[in-house]
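Dear colleague,

Here is the structure I said I would pass on. My notes on it follow below.

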Amino acid sequence: MWNWDYVIELLPVFLKAFPVTLGAAFLGFTLSIVFGLLFALAGRSAFWPIRWTSRAIVEFIRSTPLLVQVFFLYFSVPMLTSFAMSAFITGVIALGLHYGTYMSEVFRSGIDAVPRGQWEAATALHLSKRKTWLSVILPQALPPVVPVMGNYLIVIFKETPTLMAITLVELLLTAKTEVSASYRVFEPYTIVGLIFLVVSLIFSIGVRRLENRLSQRENPGGGGKR
Amino acid sequence: MLQLNSSARLEMNMPLLEWLPLLLDGTIITIQVALLSAIVSLLLAIAAGLGSISRYVFVRGFAKGYVEIFRACSLLVLLFWVYFALPFLDIELSKLMAAVLAIGLNVGAYGAEIVRSTIAAVSKGQHEAGIALNLSGNKRMVRIILPQAAARMIPPFGNLMIELLKSTSLVYFITLSDLTFEAMILRNNYYIWTPHIFGLLLLIYFVLSSFISVTARLLERKLTVWR
């Protein structure tokens with residue numbers, strides 16, 4: 001039933017696909033932070049058309065499946081505009097946009113948690129808008145939400161197999177190709193399942209550690225906040 | 001020839017009427033998968049959520065193990081495993097059953113965390129008041145704690161159900177003919193309309209999601225009447 005020789009044969013193949021999965025996840029995560037910040041800031045704009053448009057876009061992206069967004073970006077954008085992107089780039093952009101909307105909620109909660117006095121102090125010191133955001137609000141809003149961001153890294157990592165729909169050769173598509181070549185189904189899919197399980201569990205232990213360290217820093221006894 | 005053909009078709013209007021039957025079939029399958037896996041995931045969420053605060057170590061360990069493992073698992077990989085690999089252990093499931101099982105197990109693990117954390121969020125005084133009134137453990141849970149926790153559960157469960165609806169699109173990979181699958185068929189037949197077909201597809205999912213969020217809001221209002 002379980003053929004170890006075949007498993008050993010498979011490992012180098014998966015080792016080759018793993019960086020693709022990991023790369024898509026990390027780049028998608030980075031892009032989701034950028035989009036998240038943009039959405040969060042635009043959602044607080046004083047100019048209502050920007051505020052409403054941003055919120056409507058966030059709502060729409062959050063309410064529709066990543067898979068369909070991936071299809072839309074990969075198959076429709078080249079027809080509507082005259083430029084085509086590789087499967088990898090499309091996947092990263094789709095992940096970044098989709099989870100950027102989730103990230104914007106995370107940032108929003110972080111920004112809302114900054115005490116009002118900080119805004120007033122910035123006004124009293126006559127800081128520019130840019131300066132207020134960059135040196136007063138964001139440095140206080142971001143550190144507490146880092147663990148939540150870490151959780152989204154795990155979520156994004158687990159969503160990367162969706163990108164096999166546009167033929168990105170990541171772990172699951174590699175397994176599928178192996179299955180159709182060898183007709184052995186059980187080992188490839190089980191190994192991929194285990195890889196995802198183990199890597200997510202390791203990530204989540206890391207996130208938990210980070211959470212503990214942050215909550216220690218928040219404690220009055222645990223030293224002042226920077 | 002192909003060029004001529006597609007430019008000739010471009011001058012026609014969008015053949016929406018020809019698409020409707022397929023899209024409707026797809027919508028029905030999508031709703032079916034969503035409802036069935038919602039039932040499975042809600043049952044699992046309640047069982048594992050209550051299990052993780054059980055006084056029995058064995059039940060607690062089992063519930064927590066389920067939540068940890070299925071939250072760490074990639075849904076699409078799980079779906080592939082259930083549909084393609086399980087038959088090798090002599091467990092053969094239909095496409096629909098495989099989809100419902102995989103989505104139910106995955107979403108149920110997230111739901112269990114909602115159940116557990118909302119019960120934990122009911123203030124301690126409520127427990128103590130229940131003890132002071134000499135209510136039994138079960139009665140305390142059913143009459144005092146759960147009704148308060150349930151009201152708090154609705155908004156996060158609403159969001160979770162939207163996630164569930166979105167994840168039903170993954171059944172496309174095991175060729176279950178849901179909305180996404182039907183749209184891909186349409187795309188093959190009406191290639192030049194690709195952007196319109198996917199745009200329409202996004203719109204249908206958006207409407208279905210909105211339906212869930214409106215339901216959640218109504219339910220929340222109903223459950224918080226006592227406040």
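**The contact between the chains**

In this predicted model, 27 residues of chain B are in contact with 27 residues of chain A (two residues are in contact if their C-beta atoms, placed from the backbone, lie within 7 Å). On the side of chain B that touches chain A, the elements giving two or more residues are α3 (57-72), α4 (75-85), α7 (137-167) and α9 (194-223) of chain B. Helices here are DSSP runs of H or I with at least four residues, strands are runs of E with at least two, and both are numbered from the N terminus. The most comes from α9(B), with nine residues. By class, this side of chain B has 20 nonpolar, six polar and one charged residues. Ala, Val, Leu, Ile, Met, Phe, Trp, Tyr, Cys and Pro count as nonpolar, Asp, Glu, Lys and Arg as charged, and the others, Gly among them, as polar.

On conventions: residues are numbered from 1 along each chain as its sequence is written, while chains are lettered from A and ligands numbered from 1 in the order in which they are written. Local features need pLDDT of at least 70 and side-chain atom pairs count only at pLDDT 80 or more, whereas totals for chains, interfaces and linings use all residues.

**Chain A**

Chain A has nine helices and zero strands. Its C-alpha atoms fill a box of roughly 70 × 50 × 25 Å along the principal axes. Of its 226 residues, 36% count as buried, that is, with 20 or more other C-beta atoms within 10 Å of their own, the C-beta atoms being placed from the backbone. Among contacts between residues at least 6 apart in sequence, 78% join residues at least 24 apart.

Helix α5 (residues 116-124) of chain A has nine residues, and the number buried is zero, so it lies largely in the open. Just after α5(A), H126(A) takes a positive phi of about 60 degrees.

**A helix pair in chain B**

Helix α2 (residues 16-51) of chain B packs against α7(B) at an angle of about 130 degrees, with the axes 10 Å apart. Axes are lines fitted to C-alpha atoms, for helices over the stretch in contact, and angles run from 0 to 180 degrees between N-to-C directions. The two helices are therefore oblique to each other (under 35 degrees is roughly parallel, over 145 roughly antiparallel, 65 to 115 roughly perpendicular, and the rest oblique). A34(B), S37(B), A38(B) and S41(B) in α2(B) meet M161(B), L164(B) and L165(B) in α7(B). This contact has five nonpolar, two polar and no charged residues.

Regards

Technical notes:
A residue is buried if 20 or more other C-beta atoms lie within 10 Å of its own, exposed if 12 or fewer, and partly exposed in between; C-beta atoms are placed from the backbone.
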